[in-house]
Amino acid sequence: MRDDGVVNVESLPKEKALDLLRQMWEIRMFENKVFDLLGHHLIKGASHLYAGEEAVAVGAIAALRDDDLITSTHRGHGHCHARGAALTRSDDDRQDHLNKMLAELCGRATGYCRGRGGSMHIADVEKGNLGATGIVGGNIPVATGAALAQKMLKSGRVVLCFFGDGASNTGNFHESINMAAAWDLPVVYIVENNLYGMSVPIEKAAAELDIADRACAYGIPGKVVDGMDVLAVRAAVGEAVDRAREGKGPSLIECKTYRWYGHSRSDPRVYRSRDEEAAWKARDPIPAFAARLVEQGLATQQEVDRVEEKAEQEIERAAAFALGSPRPLAEELEQFLYVPFKWTDEDAERERELRELCRTGEPGTRKVTYREAIREALREEMDRDPRVFVMGEDVGLYGGAYGATRGLFETFGEERVRDTPISEAAIGGGAVGAAMCGMRPVAEIMYIDFTPLAMDQIANQGAKNRYMFGGKTTVPMVVRTEGGAGRSYAAHHSQSLEALWTHFPGILVVMPSTPYDVKGLLKAAIRDDNPVMFIEHKMIYGVEGHVPDEDYIIPYGVADVKRVGADVTIVTYSRMVQRSLEAAELLAGDGISAEVIDLRTLKPLDMKTVGASVRKTGRMVGVTEAYETGSFISEVITRVQKEQFDWLDAPLERVCAADVPVPMSEPLEDAAIPGVEAIVAAVRRTLR
């Protein structure tokens, strides 16, 4: 649907009309100043300017309530300013807002994100701006998750999601809109179609249709509006916001607009003509709106001129503030990466006691399977905290691919046990957005082989948002997945990809091997305020073991010595714990005493326990089911080599999977994955 109507300014109070004009001038002056500072190398890095598109941000955000939310894109200064300015109540507040924005772009400690986000990642989470992203389309699933949280919390709030025409060709766009439409989420998707994805024109990147026409595929309204008319945008977005607030679901609004500058400052704009630029600049939304105010008698020429002058003065003051502000200290480099753990020494001591009770099956414990332990953890945490919910493919009535969520749907219903579309990016990003808005999602990605499909959302958004936004947000989400071989599922369902996830700062990685460990660690993950990648193994869901009758959690970064020994240390995790214990038993028959350490959590890593064992035995074998090249166990070996070198009596050994895609045929699969014999052989090599 195309809206070519002109909205009359007479419907606006004078004060509101002048404020819309002021916001647009502030954005324009801000962007011009940024362009100048980039040219003088006073702003470093990439900065994508919003000049020319001011009517979209200002008009759209003018339709919001003070408690509504937005997500933004790499060209996000306009959105950040419009949201912040709409919430200021005095000129001093307005100036403070502009100061913090420009300070952030200059990489200063006084910026909104304390200099950690910069231009492409600016956020003001405290005012409902959930942040910009340097990944095209990366914010769309996050906005969808934020809207899911609003629906579940019954907050009545709406989320605006801004992105460019280029993002409309990403999978994030389609996955997110489909999910939002299926669940009637209160989100409005706003496409700022400035005709170029970077240099490629929209007609070469998409079929000859308006982007808004795609809405019909998802059964939601789609509208094209003049993005150079602030009131047209305000009216269209206002209608969509009202619809969303009434529980009628999302809308897609395409704003036809134009960026004055290139993709970035270094862009010579050779892909567009000067005539084209001149034609669009003749429709400049700011003087056009000012002229309408004067022509229709809502303001005088002197009043609109004063708005422009005042905006210019504000930006000059903001520049002086930003350039006069201190830079962050190098000693603060690691601040805000993780939310500090809440566990105490008493928690760790009690866990050690419970661990020993369960190891021998003492009174006060009971035997369950690994699968049942997961169910118990989820059920107990969902009972304890109404913010906890489960989402993923087939987690509802079906009960999950391995039955780990069976029975939860009947107890908690489809609101808190959500079957999702087959859309890993939307699942991952949905969890991020929901977590940032107060929920505690447990998202299931059926196989770890599928997690790369959600890697941008989990690694670039979920894992980094707290740090990028200066510690002003938390992302308490758990991604449950399973990996490993053993069922002849072949190369796309059998990998051990934990090393991918340990590589990203900001996300914790857990790999339990027993029912006791999986229950206590999953409960800890759900209660923790950091993103957690929680990796199970398909071959141990039926393994039995004891768990305590009492409520318990297992603090992170505490390895478990599964078997005490004196001659060699075997360090491992997940299913390889069972194989290492088998190997240790065989070695004991030959008089070799092997100590088996189960890391339990890979991030954080308990090097204290590993180091103490290596100092005792003088030898170490690292065992993993992952590919040898780039395996996480290689990281452990590197740490041991560095930290315990003087205590080593033999070269370190590692036992890994072969560097081949996991084959389907059982003899080949067995050959690819470390067996007990390979572990025994590695131990013997260290004892020569």
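The structure holds zero disulfides, a disulfide being a pair of cysteine sulfur atoms within 2.5 Å. This is a predicted model, in which local features need pLDDT of at least 70 and side-chain atom pairs count only at pLDDT 80 or more, while totals for chains, interfaces and linings use all residues. Residues are numbered from 1 along each chain as its sequence is written, and side-chain values use heavy atoms, with hydrogens and water left out.

**Cysteines**
- The sulfur of Cys-216 lies 18 Å from the closest cysteine sulfur, that of Cys-255, which is too far for a bond; at 65% relative accessibility, Cys-216 counts as exposed (exposed is over 50% relative accessible area, buried under 20%, partly exposed in between, with a 1.4 Å probe and protein chains only).
- For Cys-437, which is buried with a relative accessible area of 11%, the closest cysteine sulfur is in Cys-161, 12 Å away and too far for a bond.

**Aromatic rings**
- Rings of Phe, Tyr and Trp (its six-membered ring) pair if their centres lie within 6.5 Å, and planes under 30 degrees apart count as stacked, over 60 as edge-to-face and the rest as tilted; by this rule there are 16 aromatic pairs.
- Tyr-370 and Tyr-541 have ring centres 5.8 Å apart and planes at 75 degrees, so the pair is edge-to-face, and it links distant parts of the chain, 171 residues apart.

How values were computed: Helix = DSSP H or I, 4+ residues; strand = E, 2+ residues; numbered from the N terminus.
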